[in-house]
Amino acid sequence: MTNTTFRRYTNLAAAIHLLQKRKITLLDPSTWDDRNDAFFMSEYKRRTNSSSVLALCFAESHETYHHWRVFSHGSDGVCIEFDKEGLLGLFNRDVSIRHGTMNYTLLKQAKKMADIDVEQLPFLKRWPYGDEAEYRVVHVDRNVSKPFHDVPISLSHVKRITLSPWLASALSDSVKAALKSIDGCSKIKIYRSTLIDNQDWKKLAGRAAPVLPDNP
């Protein structure tokens, strides 16, 4: 795991919004693909009698194919890498936010668990999702129902941006230029991922020992 960064896998539109508005936006988890996870969040909302429960997820692991494929698949995928310590400071100052690493639990263990603290619900997930190495941020408002919650950030919190490995290399320079043209973003490090097509990795095949013909 990375000790100093959070990775947010998202899309180009969300990245532009973040860079222009200088805000991280927490959204309604009801549309999440993992229906078990979405159910736990809805149950947490119901059991705490809250009007709003919104969330945002980061990865604490290095770049993986899983993260790209599941969370940022397609040519408009983006990974934004943040200064972890800086974001934690912002989250700690927002009294409506609770945050922490996910607790990945086997189904057979869950069946044996006694009553659990309701505050654990947003941070429980099934074991097969453990490779995500997720760090979750949850906003709770007991009185006001709203579709999103913004956390203001500084561009200094953005360490680098990685563009999708499925983005055509011929287009990557234009996308980089567009992002850097946003006010204050000219010095942000922006790269295109080579995860699925890396020339240095391919060179390894050239160092494979040849198969010698059998002696007659």
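This briefing covers selected strands, helices, histidines, cysteines and aromatic rings of one protein model.

The model is predicted: local features need pLDDT of at least 70, side-chain atom pairs count only at pLDDT 80 or more, and totals for chains, interfaces and linings use all residues. Residues are numbered from 1 along each chain as its sequence is written, and side-chain values use heavy atoms, leaving out hydrogens and water. Helices (H or I, at least four residues) and strands (E, at least two) are DSSP runs, numbered from the N terminus.

- Strand S3 covers residues 52–59, and eight of its eight residues are buried. Buried means under 20% relative accessible area, exposed means over 50%, and partly exposed lies in between (1.4 Å probe, protein chains only).
- Both faces of S3 are covered. Ser52, Leu54, Leu56 and Phe58 are buried on one side. Val53, Ala55, Cys57 and Ala59 are buried on the other.
- S3 pairs with S8 in the antiparallel sense, over eight bridges. Two strands pair if DSSP finds at least two bridges between them.
- Leu56 has Val137 of S8 as its bridge partner.

**His139**

- His139 sits in strand S8, residues 134–141. Its relative accessibility is 1%, so His139 counts as buried.
- The side chain of His139 makes a polar contact of 2.7 Å with that of Ser96. Another, of 3.3 Å, joins the side chains of His139 and Lys146. A polar contact is a pair of N or O atoms within 3.5 Å; within protein, one must be able to donate a hydrogen and the other to accept it, and residues adjacent in sequence count only if both atoms are side-chain atoms.
- Leaving aside neighbours within four places in sequence, His139 is in contact with residues including Leu26, Ser52, Val53, Leu54 and His149. Contact means heavy atoms within 4.5 Å.

**Helix H2**

- Helix H2 has 13 residues, 35–47. At 1.5 Å a residue they should span 18 Å, and the end C-alpha atoms are 18 Å apart, which agrees. The expected span is 1.5 Å times one less than the number of residues.
- Asp37, Ala38, Met41, Glu43 and Tyr44 are the buried residues of H2. Their cover includes S3, strand S5 (97–101), strand S7 (124–126) and S8.
- An α-helix has 3.6 residues a turn, so residues three or four places apart point the same way.
- Asp34 caps the N-terminal end of H2, with a side-chain oxygen 3.1 Å from the backbone nitrogen of Asn36.
- Asn49 follows H2 and has a positive phi, near 55°.

**His67 in helix H3**

- His67 belongs to helix H3, residues 65–71. At 2% relative accessibility, His67 counts as buried.
- Beyond neighbours within four places in sequence, the contacts of His67 include Tyr9, Ala59, Ser72 and Asp131.
- His67 and Lys45 are 22 residues apart along the chain, and their C-alpha atoms are separated by 27 Å.

**Helix H7**

- Helix H7 has eight residues, 199–206; the number buried is zero, so H7 lies largely in the open.
- Asn198 caps the N-terminal end of H7. A side-chain oxygen lies 3.0 Å from the backbone nitrogen of Asp200.

**Cysteines**

- The count of disulfides is zero. A disulfide is a pair of cysteine sulfur atoms within 2.5 Å.
- Cys57 is in no disulfide; its nearest cysteine sulfur, that of Cys79, is 14 Å away.
- Cys185 is in no disulfide either, with the nearest cysteine sulfur, that of Cys79, 16 Å away. Cys185 counts as buried, at 1% relative accessibility.

**Aromatic rings**

- There are six aromatic pairs. Rings of Phe, Tyr and Trp (its six-membered ring) pair if their centres lie within 6.5 Å; planes under 30 degrees apart count as stacked, over 60 as edge-to-face and the rest as tilted.
- The rings of Phe58 and Phe82 have centres 5.8 Å apart and planes at 85°, so this pair is edge-to-face. Phe58 in S3 and Phe82 in strand S4 (residues 77–83) are 24 residues apart. Both are buried.
- The rings of Tyr65 and Trp166 have centres 6.1 Å apart and planes at 65°, so this pair is edge-to-face. Tyr65 is in H3, and Trp166 is in the loop between strand S10 (158–163) and helix H6 (169–180), 101 residues apart.
- Tyr65 is partly exposed at 43% relative accessibility. Trp166 is partly exposed, with a relative accessible area of 25%.
- One aromatic cluster is formed by Phe6, Phe58, Phe82, Phe91 and Tyr135.
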